[in-house]
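Me: I'd like to learn how to read aromatic contacts and helices in a model like this one. Could you walk me through it?

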Amino acid sequence: MKSRFLVGVGVLAAVGATIGGTAVAQRLGRLQQIMQRAEQQRSKQPADPNATAITTPGNYRFSFMRDGITREYLVHVPKSYRGSPTPMLVALHGGGGDADFQADDSKYKLISKSEEAGFIAVFPNGYSRIPSGILATWNAGACCGAAQKNNVDDVGFIREVIHRVERQAAIDPARIFATGMSNGAMMSWRLACEAPEIRAIAPVEGTDNVTGRCAPSHPVAAIEFHAADDPNVPFNGGVGVGPSHTNFISVPATQAKWVQLDRADSNARRVLTVSGAHCDLQAPKPGGAPVELCLTDTGGHSWPGGGTQQGRKQPSMAISANDLMWNFFSSL
């Protein structure tokens, strides 16, 4: 029987042959290296196919079948965990990434923030046609990749992950939050529309590209992070330089939509001004939820306060997305 690695290499080779071109051929070796590292990570920590109880701090990998597809998620439980109800943060990787990349503390520092703030961090893996799970995407509506083209039920998958972790560990159901990078950020907007378990979201470099009706069962607070010079998901909308070729909704249009959905004040109040960034808050009216936008001057398509990501422009260090999102979540 062929190994999962060799099968995945075959998939990549087929993709390269189909697309053609020297650039694709040059990337193939790099992609094979990424796949090999993914296989090594999974061989060191095989996925548990059962919803095994989590009783101690540490890192865990789980898998289960959904719609005929094996799906995975990672769980990080901080050292402070003692079995009492604990907040959960669902962190969604960007398009073309995977759960291990989003959980890499040198990139996103979410493990460190979990240890500092005491929340359980959950990293679902998006839909991938490659057995190792790399190059995964989310069906966030108008974007992205194979997940969107195949109409994968990622909302149902993530909701099932949430319910599984609630059975596995002590989770405070009133403090379940979601964040994500790029395509993962877009997916967090879709969760806000369709997943009643989510209390608040913190999308980073990804606007609301949900198609169809968005009718959240309750107001979902949102703090959005975006760079003014993001070339992949332009602040003012349109097609970016990334591979999706999606005509993205703008940041202002996303904010306006959620101010209305969350019954927030139409007048924004500047709540943070630092060199290179600012945050504007639209406070909730009675029965509503707050909507906040933190805009950095630079950083491109990256995570504010994070590490350098796959050759992208250096992230803005004017603010920390992790610190500000957790302050926002804690204020609710």
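Me: In this predicted model, which helix holds W326 and F329, and how many residues apart are they?

Reply: Both belong to helix α9, residues 321-330. They are 3 residues apart, about one turn of the helix.

Me: How do I read the geometry of the aromatic pair formed by W326 and F329?

Reply: Look at the angle between the ring planes: over 60 degrees counts as edge-to-face. For W326 and F329 the planes are 85 degrees apart, so the pair is edge-to-face. Their centres are 5.7 Å apart. The structure holds 13 aromatic pairs, and this is one of them.

Me: Does W326 count as buried or exposed, and what about F329?

Reply: Buried means under 20% relative accessible area. W326 counts as buried because its relative accessibility is 9%, and F329 is buried too, at 3%.

Me: Which residues form one aromatic cluster?

Reply: That cluster is made of Y60, F62, F64, Y73, W138 and F157. While you are looking at F157, find R71: its charged end sits over the F157 ring, 3.8 Å from the ring centre.

Me: Now for helix α7: how many residues does it have, and what span does it reach?

Reply: Helix α7 covers residues 183-194, which is 12 residues. From its first C-alpha to its last it reaches 17 Å, close to the 16 Å expected.

Me: How many residues of α7 are buried?

Reply: The count is 11 of the 12, so α7 is largely enclosed by the rest of the structure. Among the buried ones are M186, M187, W189 and R190.

Technical notes
Residues are numbered from 1 along each chain as its sequence is written. This is a predicted model: local features need pLDDT of at least 70, side-chain atom pairs count only at pLDDT 80 or more; totals for chains, interfaces and linings use all residues. Side-chain values use heavy atoms; hydrogens and water are left out. Rings of Phe, Tyr and Trp (its six-membered ring) pair if their centres lie within 6.5 Å; planes under 30 degrees apart count as stacked, over 60 as edge-to-face and the rest as tilted. Helices (H or I, at least four residues) and strands (E, at least two) are DSSP runs, numbered from the N terminus. Buried means under 20% relative accessible area, exposed over 50%, partly exposed in between (1.4 Å probe, protein chains only). A charge sits over a ring if NZ of Lys or CZ of Arg is within 6 Å of the ring centre and within 35 degrees of the ring normal. The expected span of a helix is 1.5 Å times one less than its number of residues.
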